[in-house]
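The text below walks through selected parts of one structure. Please keep the sequence and the model open while reading.

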Amino acid sequence: MGEVIGTNNRILEIDLSSRKFSVSEVHPKDRDMYLGGKGMGLKLLYDRMEAGTDPLGPDNMIAFCMGVLMGTGAPCSGRFEAVTKSPLTGIMVSASCGGPFGMAFKTAGWDAMVIKGKASSPVYLVIDSKGVQFKPATGVWGKDTEAAEKALLKDGTGAVVIGPAGENLVRFANIRSGHRFLGRGGMGAVLGSKNLKGIVAKGGEFKIVPANKKKFQKSNKRFFKYINANAITAGSYRNFGTNANVNLSNAAGILPVHNFSGGSHGEAHKISGEVMANRFNTKYDTCKPCAIMCGHKGTVNGKDRHIPEYETIGLMGSNLDVFDPVVITEWNELCSAYGMDTISAGGTLAWAMEATEKGLIKTGLKFGQVKGVAEMIRDIAYRKGIGNDLAEGSRAASRKFGGEDFAIHVKGMEMAAYDPRGCVGHGLSYAVANRGACHLSTSLFTLESYFGMASPYATRGKHTMVKFMENTYAAMNSLHICHFTAFAVFLEPPLIKLSPTPLLWLLTQNLTPLALNLMDVSLWPEMWHSTVGKPYIPYISMLRFLKTGERIHVLERWMNTREGISKKDDTLPRRLLTEGRRCDQEEHVVPIEKMLGKYYKARGYDENGIPKKRTLKRLGIEIK
Amino acid sequence: MNTNKYPEIKPGSKFIKKVYCFIMLLIVGRAIEAAAKTDKVVKKEVEGLPNDLCFYLGVMPSGPYMVVGKTKEGGMKYLGWNLVGKKINLRMNIRNIEAAIQVFTFQESTATAFAHDRFVVEGDLPTATAIVRILDIVEVYLLPKIITKLAVQRYPKWSEMSPFRKWTGRFIIYGRALGYGLVKDIITNIL
Amino acid sequence: MHIPDYYEFFNHLKIMSGKRVLESIPSELASYDAYKPLVIADKSITESGLVKKFITAFADTGMTLGGIYDEVRDYAGISLALNAEVIFRERGCDSIIALGSGPVVDVAKALNVLVSENSGTLQPYMDGAPIGKHLKPLIYVYACCSMGLEATGYLSIDNRVMKSDFLFPDVIMIDPRLAPGCCPPCAAESAVIALDHALGAGAGPEPSPMLDAYIHAALRFLAENMKKGVKKPGDKAASMALANASAMAAVAFYNSKPGMVHLLAVELARITGTSAGRFMRVLLPYRMAYMLSKKMKIRDELYLALAGFDAYSSTPEGERTRKGIEAVLDLLNTTKKALPQTMKELNVPRHQLKNAAEAASAASGKFFTAADCLSLLEHAWEGKAY
């Protein structure tokens with residue numbers, strides 16, 4: 001077995017139209033500036049793709065980029081990232097996945113892969129260290145994700161596949177690997193448009209070792225210690241999965257109810273992680289390797305089922321006024337089989353229910369009514385009847401049928417299950433997030449609504465927090481390491497851990513920059529430096545790491561502005577800006593305008609939200 | 001939905017503007033009475049009016065008003081601001097208080113106001129136009145030329161109204177309009 | 001003058017324009033036997049305090065305003081109309097006043113259908129059921145700008161369009177206190193829409209004399225006031241003229257077939273979420289150039305309306321068409337600083353052009369072919385002259 005020290009920098013470039021592939025190298029400078037994962041993927045597409053490409057056309061490219069830490073044994077590092085232009089939003093999208101494909105691909109000796117063109121007939125790819133084989137997918141085309149993956153795994157140890165939704169170009173179709181998904185933004189449709197059913201990697205040909213083993217082990221130990229000490233990573237998420245958030249969100253009034261009309265519900269506990277863990281006798285079922293172990297499976301009505309994540313529970317449960325965990329689990333399973341993003345599917349279904357209620361469309365769907373939903377999910381996946389329009393996502397459907405005021409999306413991407421009227425800073429984060437209403441560009445709601453470290457309704461300082469978290473998360477997505485490690489890394493260093501929460505509240509609220517400087521995120525840069533074998537300079541390396549995050553975030557923004565994104569798109573759904581909720585004693589809406597200007601200033605964008613030349617130059621982004 | 005966020009609105013009153021119009025109407029009403037006795041042109045116009053004429057000029061929808069009637073002797077009589085109990089056969093309404101202010105502050109001449117549909121006339125139209133002519137002459141008497149020019153359709157030439165006639169008429173009309181009769185009118189109207 | 005063999009012209013609208021016109025609302029309402037209006041207003045109007053001027057217009061009238069529902073912003077949705085219906089019924093209102101532009105009037109019209117027809121939903125009407133009776137009195141108070149369809153029988157709610165003669169507002173009030181625009185882009189957009197509607201109505205096969213009268217007046221107003229109105233949206237005289245032009249162009253538009261530019265702009269707006277006026281600005285010159293290149297008939301009267309009688313009569317007959325088009329382009333150029341001038345600036349993805357062209361062609365009942373529509377869009381996208 002070969003050995004890769006740090007990274008092996010090999011990129012596989014595949015052209016499906018000509019069924020040829022080539023190999024290129026990651027430039028060392030790019031490696032420094034964009035790390036790996038998301039940053040690398042964006043850079044690859046920035047260099048290769050023109051603005052204005054049709055997301056479902058052959059010119060669109062999709063890049064799969066492995067994390068730098070993947071395979072080194074770092075905790076929660078078994079993740080890879082895919083980047084492409086989203087058919088749902090029309091702008092760049094990146095998604096992260098913890099499935100087995102990543103490890104198989106990386107241990108096949110590759111760091112990244114860029115796919116372009118369109119195969120003349122359905123194919124799947126088999127990848128080993130020598131290159132690519134193009135195999136006809138006639139036997140698997142049309143199969144659901146589980147069956148297709150099973151079939152593909154005959155050729156390797158890890159695969160990514162699309163389901164019928166991806167084949168039918170459902171704009172929020174996703175890509176499956178194991179039981180984890182490249183969820184958002186319709187990546188499945190991009191593969192579908194290229195006639196590519198899946199990719200399977202042989203794997204096991206190389207072993208990944210960090211360049212500086214000693215330092216790596218030291219950091220790794222600290223990392224494990226933090227993760228095992230944190231109440232979220234070692235407590236609620238490990239025991240109950242991410243749907244431990246249900247009770248927290250319900251109490252904080254940020255759980256979406258009735259298509260984001262309300263923020264909490266009396267029956268919400270029924271779908272909480274705690275109840276489901278007991279009721280379904282759940283066991284771990286996670287990414288590999290993982291130290292948090294948030295993924296769970298259980299026995300639901302005698303069948304083995306994956307326990308839905310919080311977002312699925314929020315969007316397909318409370319947001320549809322459905323509080324039956326069995327039903328939600330089945331819908332989750334259906335979406336997985338068809339290969340559809342549950343957040344966007346849930347958001348679109350909620351829109352459809354409200355539009356039906358208001359007489360804009362006829363679907364037979366109704367809030368709180370289970371009947372018809374499973375059929376509608378199938379209709380969306382196969383684009384039948386009104387499902388054909390819903391498959392375009394809530395933005396396109398609302399533009400066709402009306403009801404834009406209650407289509408809960410930003411830039412076309414349906415909102416995740418945190419209502420920003422109960423956490424306005426997170427509202428700003430939704431509005432400016434690069435890929436749309438994304439909960440993963442920051443997780444400010446945790447500070448605002450869960451931990452009480454910032455005021456949920458104050459606007460002061462929120463732009464600074466959002467900027468800091470975006471930078472950190474962009475860098476994390478490029479390492480690539482699990483987002484949930486942020487709980488441990490942010491909160492476990494002694495300075496934060498020992499400070500009383502009210503003091504932290506005062507600091508974040510009034511002296512935000514100081515408070516953010518107290519956050520010690522040195523663990524991540526330490527791991528990166530020890531893996532690639534570069535000297536780590538305390539503090540300075542951490543600042544450079546954050547600047548890298550900033551570079552990646554701004555590059556993505558710059559690519560989006562070339563597609564027409566500007567201030568007009570950095571907004572929230574009308575409902576969140578204008579309608580108060582009954583669950584609040586005082587009605588709150590998100591004062592987005594108050595924060596947006598300050599955020600742009602902090603980011604170095606002009607008043608229209610376009611990165612200034614000066615900013616791009618400072619970050620070393622070449623203007624094209 | 002919380003409908004209390006959009007409460008019913010009861011609009012207020014424009015008291016000062018109403019008082020101003022009230023005073024103007026009072027003076028004009030009294031002046032018509034005086035002019036009918038003084039000026040021969042007005043006298044002639046009045047002769048042509050129907051004998052049982054009783055008209056009012058007012059502001060919609062709630063006043064103030066000026067009621068003027070033709071007397072048995074062939075003159076005009078200011079009958080106060082109360083409409084109750086009067087047999088009115090010609091109603092001249094100005095559409096709203098703002099339009100009335102436009103007219104009474106001479107930003108808009110009576111003729112333009114008619115053209116702008118600011119007057120709503122119910123009754124015999126020729127009579128109404130005769131009354132507008134009377135009003136024009138009364139304004140010539142009451143107001144200095146510079147203002148009157150704004151208010152009337154055509155300012156009378158020298159040949160039609162010599163300065164001598166104008167000035168004597170002006171003194172007499174002011175004397176009659178604001179004299180003892182005014183106090184009497186006010187008292188009778190209040191009582 | 002040529003009299004067509006047959007023509008129809010419908011205008012239900014009473015236009016009231018000028019000083020202190022707001023104060024006539026109560027008497028107008030009273031003439032419809034209505035005494036308790038519900039006001040649908042734009043949020044920006046209540047926020048800027050303009051609504052106070054509006055309320056004082058009702059002083060001393062004894063009328064009560066059933067409420068001011070000011071939740072309308074830049075989108076007309078059925079939810080707003082349904083909410084307004086609750087207030088309307090709870091307060092026992094009998095008429096509607098729309099205070100604002102586009103979406104406000106659309107919500108008001110939708111509300112009017114809901115409360116007059118007692119249907120509880122608009123679905124049957126969206127599916128094609130006709131509105132069969134006179135609706136409640138609806139007064140439209142022009143404020144800030146126009147989206148082009150207010151003073152017509154079109155109702156565009158939730159991105160769907162209905163057309164009925166009964167949907168006309170009864171009265172439009174244009175008052176210099178409310179007419180001035182808020183910003184140059186806003187004023188420019190409403191002027192461009194008016195221009196497009198007037199030109200589109202004039203390009204029909206056989207315009208009627210009534211239509212000509214409206215188009216001519218609208219174009220004259222635009223020719224004389226567009227430059228000033230766009231540069232200084234606060235200018236009262238110019239904004240009043242533009243408001244009048246908008247109203248007249250809208251009536252003309254209602255009485256003719258929608259033009260290609262209008263249809264394409266509406267479809268592009270639906271796809272991209274950018275307002276239609278901006279697309280009209282970009283597409284109009286290409287449409288004119290296309291018509292010129294295909295030797296389609298562009299009437300001399302266009303030049304007469306835009307340049308005035310002197311210039312018209314001193315130009316040889318053969319050149320009037322070309323000069324007329326030049327005058328249109330000059331007018332459009334007055335929006336240079338206010339509106340995007342090219343498709344590039346509007347950031348339309350190229351692959352969406354085909355969808356827009358097909359939808360526009362379908363909306364015209366195949367009067368314009370999809371190929372023609374696409375060719376126009378592609379020329380505009382590439383900035384290529386005909």
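What follows covers a helix, a strand pair and a chain contact.

This is a predicted model, in which local features need pLDDT of at least 70, side-chain atom pairs count only at pLDDT 80 or more, and totals for chains, interfaces and linings use all residues. Residues are numbered from 1 along each chain as its sequence is written, and chains are lettered from A and ligands numbered from 1 in the order in which they are written.

Helices (H or I, at least four residues) and strands (E, at least two) are DSSP runs, numbered from the N terminus. Helix α10 of chain A spans residues 273-280, and G273(A), M276(A) and F280(A) in this helix are buried (20 or more other C-beta atoms within 10 Å of the residue's own, with C-beta atoms placed from the backbone). These residues lie on the same side of α10(A) because they cover an arc of only 65 degrees around the axis, taken from the directions from the helix axis to the C-beta atoms. Their cover includes α8 (232-240), α9 (245-252), β16 (296-300) and α12 (325-338) of chain A.

In chain A, strands β8 (residues 123-128) and β9 (residues 131-136) pair in the antiparallel sense over six bridges; pairing requires at least two DSSP bridges between the strands. A hairpin of two residues joins β8(A) to β9(A). Opposite V126(A) stands Q133(A) in β9(A).

Chains B and C also meet: the contact takes 21 residues from chain B and 23 residues from chain C, where contact means C-beta atoms, placed from the backbone, within 7 Å. On the side of chain C that touches chain B, α4(C) gives the largest share, five residues.

How values were computed. Buried ≥ 20, exposed ≤ 12 C-beta atoms within 10 Å, placed from the backbone. Contact = placed C-beta atoms within 7 Å.
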